[in-house]
Amino acid sequence: MSRVAYVNGRYVPHSEARVHIDDRGYQFADGVYEVVAIVGQRFVDEAPHLDRLERSLKELRMTMPMSRRSLELVLRELVRRNRVRNGIVYMQMSRAVAPRDHPFPKLAKTQVVAWARNSKPAPASVAEDGVKAITMPDIRWGRCDIKSTALLPNVLAKQLAREAGAYEAWLVDEDGNVTEGSSSNAWIVTSKGELVTRSTDEAILAGVTRRTVHELAKEEGLRLVERKFSLAEAKGAREAFVTSASSPVVPVTQIDEQVIGNGKPGSTTLKLRERYLRYMVEAGVA
Ligand SMILES: Cc1ncc(COP(=O)(O)O)c(C=O)c1O
């Protein structure tokens, strides 16, 4: 079956989907994006993802190119045409196609592309053994709360992680605090049993999965604190894990050379993972 993508109002074969060389997304990374997980053909937390998309656009003074309802219909059509059962839908909007010049063009027509694909579930070893994270300085800009396509530091961080045989790179700010992963939010369970994740500010993306896991943790009666935590505290933690739409509650059992806890995914992490996977199945909207 050949894949179908959406480009500015048209459904086209994925292999023929193109943007213009004067697209500012291509030239300046002047754009935003979102990724929504699909489970059993249903969208997981679609509304908060689209809320965040609208917020990212607003922060960059870009306009939504279509009504929200129309966008929802496009996403559904992509899932249908690509026969996605379990996977992701990706959407990206850039400011405009215009002759290259840094200031915004006078007539900026937001460009939209989107696609959807099936993806394989994570191997069982991820939950059984956990994964490794390496750490490095967070060299990103000061507005990481915007889900911008300007991801070069994240790309470099993830590449270094892969080269080190690690799943994720945790980024560390100038004060020695962990901000987040290169494509995920970072969490720890302290030796006192507190579940900790950094409070949302301009240094991190307010993850939708983070928010849902937060709610589920409250339902489970876990003691949850949103605050900064240092790399030293993370290395001394009982448990650690990451969350994102495509990596839902992945246990981290090693940070750099430091084994976390007893080196196995912790009970809180596994409980939250199981709870979140159930939520994904139950809470999706068609
Ligand atoms: C830098 C960064 N932080 C956090 C997240 C997690 O966000 P979400 O849970 O909304 O997928 C992502 C997801 O792509 C990300 O790129």
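Domain bounds here come from an automatic or database domain assignment. This is a predicted model, in which local features need pLDDT of at least 70, side-chain atom pairs count only at pLDDT 80 or more, and totals for chains, interfaces and linings use all residues. Residues are numbered from 1 along each chain as its sequence is written, and side-chain values use heavy atoms, leaving out hydrogens and water.

**Stop 1: two domains.** Colour 4-118 as domain 1 and 124-283 as domain 2. Their C-alpha centres lie 26 Å apart.

Stop 2: Select L53, L71, V89, M91 and M93, which have the most contacts inside the largest nonpolar core, a set of 24 residues. Such a core joins buried Ala, Val, Leu, Ile, Met, Phe, Trp, Tyr and Cys residues through side-chain atoms within 4.5 Å; buried means under 20% relative accessible area with a 1.4 Å probe, protein chains only. Now pick L53: among the residues it touches are V32, M64 and L71, not counting residues up to four places away in sequence.

**Stop 3: where the domains meet.** Show 22 residues of domain 1 in contact with 22 residues of domain 2; contact means heavy atoms within 4.5 Å. The area buried between the domains is about 1800 Å², counted as the accessible area (1.4 Å probe) that two parts lose on being put together, summed over both. Select Y33, D45 and R52, which supply 31% of the area that domain 1 buries against domain 2.

**Stop 4: a salt bridge.** Finally, zoom in on R143 and E59: they form a salt bridge, with the closest N and O atoms 2.9 Å apart. The term needs a side-chain nitrogen of Lys or Arg within 4 Å of a carboxyl oxygen of Asp or Glu.

Methods:
Buried < 20%, exposed > 50% of the residue type's maximum accessible area, 1.4 Å probe, protein only.
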